[in-house]
Amino acid sequence: VTHSIPACIGSMTINSKQLDNESPVSIFAVNKCYVTVQEGTFFDGSGFAALVREGYKVRSDVNITLEFRTTAMHGVLLGVSSAKVDAIGLEIVNGKVLFHVNNGAGRITATYEPRGTNSLCDGKWHKLQANKSKNSIVLIVDGNLVQTDNPYIQSTSADTNNPIYFGGYPADVKQNCLTSKSSFRGCLRNLVLTKGQQAELFDFSRAFDLRGVFPHSCPGAEH
């Protein structure tokens with residue numbers, strides 16, 4: 001066995017002597033244990049998860065669905081960019097959800113602004129759908145729909161070929177459709193990207209780069 005166990009271990013004794021796990025000599029990729037755990041992936045606000053190393057091609061259409069919960073007013077949800085300007089981005093800025101798309105001619109943004117300033121950042125689960133179809137973009141948050149007109153009607157394809165970054169991105173990576181650099185702090189679950197009839201469920205434990213992200217367990221309460 002070459003991989004670590006995704007579990008909590010406590011009250012360990014060796015030769016009748018209890019080990020002090022509060023002050024280890026060294027520690028690597030070990031997080032707290034939680035009294036109550038929910039399904040989901042926990043982002044601690046310091047990093048990101050990178051998937052699709054060979055590059056994700058958004059092209060003319062993509063439909064993104066996910067659920068999130070956070071108490072922070074800012075945070076990157078996901079970004080896919082190209083070396084040029086083509087990109088898509090999904091982020092929380094000042095408690096609003098922003099969905100940006102650039103098909104090459106210019107960035108357009110759909111913004112969902114909740115009634116209460118922090119009503120999306122209340123630590124409860126919220127459903128989000130972001131849809132790009134050629135040059136039209138739609139954002140649906142908790143059933144509320146926002147549609148944005150695109151003045152660049154000739155340009156329909158976001159020609160991306162870079163990895164998808166979730167919850168943040170490295171300092172040396174360019175993201176043309178994100179305004180925030182803040183890493184997401186909170187939990188994501190049920191993340192699906194659909195192109196045409198092909199739906200892809202993303203499993204964060206398969207990320208090729210994972211920093212400050214803990215797949216498959218979302219703290220209900222910290223212990």
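Which ring does the charged end of arginine 189 sit over? I looked this up first: the ring belongs to tryptophan 125, and the charged end is 3.8 Å from its centre. For this entry, a charge sits over a ring if NZ of Lys or CZ of Arg is within 6 Å of the ring centre and within 35 degrees of the ring normal.

**Ground rules**

I am working on a predicted model, where local features need pLDDT of at least 70, side-chain atom pairs count only at pLDDT 80 or more, and totals for chains, interfaces and linings use all residues. Residues are numbered from 1 along each chain as its sequence is written, and side-chain values use heavy atoms, with hydrogens and water left out.

**Overall picture**

I checked the secondary structure and found zero helices and 17 strands in the chain. Helices (H or I, at least four residues) and strands (E, at least two) are DSSP runs, numbered from the N terminus.

Then I looked at size. The radius of gyration is 19 Å, close to the 17 Å that the globule rule gives for 223 residues, so the chain is as compact as a globular protein of that length. That radius is taken over C-alpha atoms, and the globule rule is 2.2 Å times the number of residues to the power 0.38. The C-alpha trace spans about 75 × 40 × 30 Å along its principal axes.

I also noted that 43% of the 223 residues are buried. Buried means under 20% relative accessible area, exposed over 50%, and partly exposed in between, with a 1.4 Å probe and protein chains only.

From the record, I took one annotation: UniProt, in an unreviewed entry, places "domain: Laminin G" at residues 38–218. UniProt positions are given in the numbering used here, feature names are shortened, and annotations may be inferred rather than shown by experiment. In the model, the end C-alpha atoms of that span lie 5 Å apart, and the span is 0% helix and 55% strand.

Which strands pair with β10? One is β5 (residues 61–70), antiparallel to β10 over eight bridges. Two strands pair if DSSP finds at least two bridges between them. Here leucine 66 stands opposite leucine 128 of β10. Strand β11 (residues 136–141) also runs antiparallel to β10, joined by six bridges, and isoleucine 137 in β11 is the bridge partner of lysine 132. β10 and β11 make a hairpin with two residues between them, and lysine 134 in the turn has a positive phi of about 55 degrees.

**Other positive phi values**

I found valine 52 with phi near 60 degrees, positive in a residue other than glycine. Valine 52 is in strand β4 and counts as buried at 18% relative accessibility. Asparagine 94, not a glycine either, has a positive phi of about 50 degrees. Asparagine 94 lies in the loop between β7 (87–93) and β8 (96–102), and is partly exposed at 44%.

**Aromatic contacts**

I counted six aromatic pairs. Rings of Phe, Tyr and Trp (its six-membered ring) pair if their centres lie within 6.5 Å; planes under 30 degrees apart are stacked, over 60 edge-to-face, and the rest tilted.

Phenylalanine 42 and phenylalanine 214 are stacked, 6.2 Å centre to centre with 25 degrees between the planes. Phenylalanine 42 is in β4 (residues 41–56) and phenylalanine 214 in β16 (residues 209–214), so the pair ties together parts 172 residues apart in sequence. Phenylalanine 42 is buried at 7%.

Phenylalanine 166 and phenylalanine 202 are tilted, at 5.7 Å and 50 degrees. Phenylalanine 166 is in β13 (residues 162–166) and phenylalanine 202 in the loop between β15 (198–201) and β16, 36 residues apart. Phenylalanine 166 is buried at 0%, and phenylalanine 202 is buried at 8%. One aromatic cluster takes in Phe43, Phe166, Phe184, Phe202 and Phe204.

**Cysteines**

How many disulfides are there? I get one, taking a disulfide as a pair of cysteine sulfur atoms within 2.5 Å. Cysteine 187 and cysteine 218 form it, with sulfur atoms 1.9 Å apart. The torsion about their S-S bond is about 105 degrees, so the disulfide is right-handed. Cysteine 187 lies in β14 (residues 185–195) and cysteine 218 in β17 (residues 218–222), so the pair ties together parts 31 residues apart in sequence. Both cysteine 187 and cysteine 218 are buried.

Cysteine 121 is buried at 5%.
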